[in-house]
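Student: I would like to learn how to read the features of a protein model, one at a time. Could we begin with the words for how much of a residue is covered?

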Amino acid sequence: MVETASRFGDGKEPLTLGIVGAGIMGRGIAQIAAEAGLTVLIADAKPEAAEEARTFVGGMLDRKRAKGRLSEADAAAALSRIRVVPIAGPGGYEAMRGCDAVVEAVVERIEVKRAVLAGLEAVVEPSCILASNTSSLSVTELGADARRPERVAGFHFFNPVPLMRVVEVVAGARTEAFAVEALEALAKRMGHRPVRASDSPGFLVNHAGRAYTSEAMRIVGEGVCAFGDVDRVMVEAAGFGMGPFQLIDLVGMDVVQTVSESVYHQYFEEPRYRPVHMGALRRSAGLLGRKSGAGFYRYGDGKPVAPAEAEPPAVAPNNRPVWVSGRYEAEAKELRGALAQAGAALEDSERPSAAALCLVTPFGLDASMAALEEGLDPQRTVAVDMLLPLGGRRTIMAGVATLPEIRDLAHALLAAGEHPVTVIHDSPGFLAQRVIASIVNLGCDIAQQRIAAPADIDVGVKLALGYPKGPLEWGDALGPRRILAILEAMHDFYGDPRYRPSPWLKRRALLDLPLATPEN
């Protein structure tokens, strides 16, 4: 079987890939395989679907040719390598007999997939790898009845396959190394980055993606701010290509909520994966996003209509002094520099004067708790999020006792120079702190459970989900101790085990080790 794995990695070795299921995923896999020089046998229970898939791939290859990304000869050669074969009738899967590997990409129902794999195993050679493109079903369960479960593995591509150049290679409980290595080599040959994951709910990517959207919905559900505020902060301050609510509307609330509930129940109600009631309610209401014409955003001509953002208050800096907490020295220095540019009358004393606007820069605390901890007047205290540089969108937080005129003055000062500012209510961890810390913590727990290696966690999340940094990379960039402090403060405040720090994070933070460091 070692020969099998090495043969898949040899770019010159002729290989035949079978694909059962000619839907959007099957045709995408067929395209990248044919372009990589593999012979592709594509089949579907509906013969016309397989023919349509080949025609579709031909159209995609022609588009690449028209854009100069593929020569006419290469496009024609790739299409010629795709053959439609029958799987219906008395012959069954006989047409797949000579395949080196077969990927099933049929409907996401375990009984259907197991029937396909059983039919394939009855005809293919012992050296043939049997792979499933499942996104949510247990690979172990899929291969449970196989005569040779050691060659059954997950091979989960993402849509659209030609553009999403990452694939999860998933080992079931009885999958052997040769099958995983062969699929990794095959993925590389087709121009994709394989990431290895063990069989677990959500595998790697769908597991890691639970934190971004669920924590965002939890924030809005608490009344901290509106959904548009969260999206603006995560895009304009944290650098995400899409805010969590934009992402939900794109994917569809039906999909997001269903996957969240599935992962939660498969983990036997582990609090880290607890779904949010808001998602179930909106799914029931049919507010699914783009596919239904309305979600968190309204859609005009297929484009989202962003909610309007209030203008900064027209408040002159006046003569009220501004005092900045020195609890976090580097953050205080950066904030004071920004305020000086805005013309603020800065106090340089250890404690604020009786009239001063008090600005604090907490991590994991809300404005009210920060004021209490530092012995400040909560009516004159506003918190500023300093987790991320002030060059992007800025976030300030008014406590429950903060006077409106104090909040407005802080808003006006931070907005000077046309800087966008988001104003939120009390929230331990602001917005970005809560969301990013949750992403990091979940990534750490994936590493702790040995579901995937640190490098694969970061690469898989960046390529599949489009995050600006992988979970462990985020944690190392912002500081493991800081992420730990945010989570511990949130855990103490809420008493919710959802926020308990992962052992992977806690040990490395306290030992000053990078989160991306694998264990020996």
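Tutor: Let us start with a definition: a residue is called buried under 20% relative accessible area, exposed over 50%, and partly exposed in between (1.4 Å probe, protein chains only). The areas themselves come from the Shrake-Rupley method with a 1.4 Å probe, and for residues only the protein chains shown count as cover. Phenylalanine 268 has 72% relative accessibility and therefore counts as exposed. Before we go on, note that this is a predicted model, in which local features need pLDDT of at least 70 and side-chain atom pairs count only at pLDDT 80 or more, while totals for chains, interfaces and linings use all residues. Residues are numbered from 1 along each chain as its sequence is written, and side-chain values use heavy atoms, with hydrogens and water left out.

Student: Where does phenylalanine 268 lie, and what is its phi?

Tutor: Helices (H or I, at least four residues) and strands (E, at least two) are DSSP runs, numbered from the N terminus. Phenylalanine 268 is in the loop between helix 12 (253-266) and helix 13 (277-284), and its phi is near 55 degrees, a positive value in a residue other than glycine. Glutamate 269 belongs to the loop between helix 12 and helix 13, and although it is not a glycine, it has a positive phi of about 60 degrees. With 36% relative accessibility, glutamate 269 counts as partly exposed.

Student: How many helices and strands are there in the protein, and what share of its residues is buried?

Tutor: The protein has 21 helices and 16 strands, and buried residues make up 54% of its 520 residues. Its C-alpha atoms fill a box of roughly 90 × 50 × 40 Å, taken along the principal axes. The accessible surface comes to about 21,600 Å², and 54% of that surface belongs to carbon and sulfur atoms.

Student: What is meant by a nonpolar core, and which residues touch the most other members of the largest one?

Tutor: A nonpolar core is a set of buried Ala, Val, Leu, Ile, Met, Phe, Trp, Tyr and Cys residues joined through side-chain atoms within 4.5 Å. The largest core here has 106 residues, of which Met234, Phe245, Leu359 and Ile436 touch the most other members. Helix 17 (residues 432-448) gives the largest share of this core, 10 residues. Apart from it lies another core, of 41 residues, among them Ile29, Ala75, Phe178 and Leu183.

Student: Which residues does leucine 359 touch, and is threonine 361 buried or exposed?

Tutor: Not counting residues up to four places away in sequence, leucine 359 touches several residues, including Trp323, Leu335 and Val384. Threonine 361 is in the loop between strand 13 (357-360) and helix 15 (367-373), and at 2% relative accessibility it counts as buried. Leaving out residues up to four places away in sequence, threonine 361 touches Tyr328, Glu331, Leu335, Val384 and Met386.

Student: Which peptide bond is cis?

Tutor: The bond from asparagine 159 to proline 160 is cis, with omega near -5 degrees, and proline 160 sits in the loop between strand 6 (152-157) and strand 7 (166-171).

How values were computed
Contact = heavy atoms within 4.5 Å.
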